[in-house]
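I opened my notebook to look over a new protein model. Here is what I looked up, entry by entry.

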Amino acid sequence: MEGFIVDPRKSTPEDFQQGMRDVKLVFDINHTMPYTEEYDNLVKELFIGKIGEGSRVLPPLNLVCANMVTIGNNVMIMGGCLMMSRGGITIDDDVMIAANTQLISNNHDLHDHALLICKPVHICRNAWIGAGATILPGVTVGENAVVAAGAVVTKDVAPNTIVGGNPARFIKNID
């Protein structure tokens, strides 16, 4: 999967403002009662409206680059989710993401640690990401796939399969 490089040392004032906006909104979300109108409005503002109908994101949330995240309809993201989103994260409809998961679309360059190597993460329709799982840059989790709790996913997950372990490996097909 194609990626791109970001050098945070060359951030623009707009980049800084976007980062500060995200930090403030994440703080407010993490300190507001879920399932209230105030909470729902903060989540919509954070994701710039790119969150579908019937979707829920529960606190605590830790997120960088909210403008690079798109969430479909009827998605449930439980508390403790970390989204490192510089490379982009797309979550399709009807996805379930359990507590304490990590969706990471960027990593540091091996030689120049200040550089970010960015590759998008895509969680396809009706996938289920188990508690404590980590999805690494450039990974697509296929439609109807299941990622077992605690798995570290370094490669694409085929549709209608279950993967688990570190690194995640094929366990079985889903009928």
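Before anything else, I noted how the elements are named: helices (H or I, at least four residues) and strands (E, at least two) are DSSP runs, numbered from the N terminus.

**Ground rules.** This is a predicted model, in which local features need pLDDT of at least 70 and side-chain atom pairs count only at pLDDT 80 or more, while totals for chains, interfaces and linings use all residues. Residues are numbered from 1 along each chain as its sequence is written, and side-chain values use heavy atoms, with hydrogens and water left out.

**Helix 2.** Which residues of helix 2 are buried? I listed Y39, L42, V43 and L46; buried means under 20% relative accessible area, exposed over 50%, and partly exposed in between (1.4 Å probe, protein chains only). These residues lie on the same side of helix 2, because they cover an arc of only 100° around the axis. The arc is that of the directions from the helix axis to the C-beta atoms. I then checked what the buried residues of helix 2 pack against, and noted helix 1, strand 2 (56–57) and strand 3. Contact here means heavy atoms within 4.5 Å.

**The core.** I looked up the largest nonpolar core and found 38 residues in it. A nonpolar core is a set of buried Ala, Val, Leu, Ile, Met, Phe, Trp, Tyr and Cys residues joined through side-chain atoms within 4.5 Å. Those with the most contacts inside this core are I91, I123, I135, V141 and V147. Among the elements that give two or more residues to this core are helix 1 (13–30), strand 4 (69–71) and strand 12 (121–123). Helix 2 gives the most, with four residues. I also followed I123: not counting residues up to four places away in sequence, I123 touches T90, I91, D92, V95, L103, I129, I135 and V141.

**Parallel strands.** Two strands pair if DSSP finds at least two bridges between them. Strand 3 (residues 61–64) and strand 6 (residues 81–84) are joined in the parallel sense by four bridges, and L61 has C81 as its bridge partner in strand 6. Strand 6 also runs parallel to strand 9 (residues 102–104), with three bridges between them. There I saw L82 opposite Q102 of strand 9.

In what order do the three strands of the open sheet come? I wrote down 1-11-10, with antiparallel pairing. Strand 1 (4–6) and strand 10 (106–108) are the edge strands, each pairing on one side only. Strand 10 and strand 11 (residues 116–118) share three bridges, and H108 has L116 as its bridge partner in strand 11.

**Cysteines.** A disulfide is a pair of cysteine sulfur atoms within 2.5 Å, and I counted zero disulfides. For C81, the nearest cysteine sulfur is that of C65, 15 Å away. C118 is in no disulfide either, with the sulfur of C65 nearest at 8.0 Å. C118 counts as buried because its relative accessibility is 0%.

**S85.** Is S85 buried or exposed? S85 is buried, since its relative accessible area is 0%. I found S85 in the loop between strand 6 and strand 7. Its contacts include L63, V64, C65 and M68, not counting residues up to four places away in sequence.
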